[in-house]
Amino acid sequence: MQLGLVGLGRMGFNMRERLRKAGHDVVGYDRNPDVSDSESLADLVGKLEAPRAVWVMVPAGDPTRDTITELKSLLSEGDLVIDGGNSKYTEDKENSASLAEKGIHYLDVGVSGGVWGLEVGYGLMVGGEQADVERMMPVFDALRPEGPREESFAHAGPIGAGHYSKMVHNGIEYGLMQAYAEGFELLDTVDLVTDVPAVIRAWQRGTVVRSWLLDLLVRALDSDPELDDLRGYVEDSGEGRWTVAEAINHAVPAPVISAALFARFRSRQDDSPAMRAVAALRNQFGGHAVHKAGPTSGSGSTLA
């Protein structure tokens, strides 16, 4: 197949290479001329044969909306736009309706695989019409890992279902990573366990906690056994917040994902105002020791 691909960053670049290795004709566009095959979106569209298919892999929010708006002005009836970024699912119906005014089709695709996708393939969750999904199946099959299609690909439902599924996937990812992280800290804190990386490595086969995320933790520990080269500051890209908000909207208990999200917020505070208030309250009602700020920080003292 021929495919236009907008956005050749960490994932888009590797997706282009994987598709080309599978024999597909991919015309890419990126603002970085060193990796781009086209000078502009208009140039990219001009290099594609109708009916065209253009896959958008740019940051969620305004960059995606602006790209789709420009593509609407360039594409024609029967063409297809695919949003493969981490857009919020609520934006998909708006994008689809806008493109439909010109007879342009739309799919939303949740893509998982990160920087490893070129080598091992991508997990794909798609929202949209069945006919459009079938049209793009050669591309989907080239991107996903080898093996049964149902183990790495799903037509999740109508417009929005792909990004909704990816949102929940990323919320689960938050919880899994937090559990591994807390286990690492507990092992690393006690003197009894003398080789923490060896213990975590031993979980890779035969245990119920084995996973690809665990393999990646082992890889990180191989290069930095104490993880001392890193600062414990963790951003969130939005999907965790959206997942928690959806859980609230639908009254679905999600304590693990919620706690993992809040843990990321805590990681960005050098000194938590909330925990200072907790310390002050414990001291007030129980006379519990507090740690003074400033040069003497770290020593416990009881206020009168």
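Select Arg20 to begin: at a relative accessible area of 33% this residue is partly exposed, a class that lies between buried (under 20% relative accessible area) and exposed (over 50%), as computed with a 1.4 Å probe on protein chains only. This is a predicted model, in which local features need pLDDT of at least 70 and side-chain atom pairs count only at pLDDT 80 or more, while totals for chains, interfaces and linings use all residues. Residues are numbered from 1 along each chain as its sequence is written, and side-chain values use heavy atoms, with hydrogens and water left out.

Because Asp37 sits in the loop between strand E2 (25–29) and helix H2 (41–46) and Arg20 in helix H1 (residues 12–21), the pair ties together parts that are 17 residues apart in sequence; helices (H or I, at least four residues) and strands (E, at least two) are DSSP runs numbered from the N terminus.

Next, select Arg201 and Asp222, which form a salt bridge with their closest N and O atoms 2.8 Å apart. Arg201 belongs to helix H9 (residues 196–202) and Asp222 to helix H10 (residues 212–223), so this pair ties together parts that are 21 residues apart in sequence.

Finish at Asp236 and Arg268, a salt bridge whose closest N and O atoms are 2.6 Å apart. Here Asp236 is buried, with a relative accessible area of 13%, whereas Arg268 is partly exposed at 21% relative accessibility.

Terms used
Salt bridge = Lys/Arg side-chain N within 4 Å of Asp/Glu carboxyl O.
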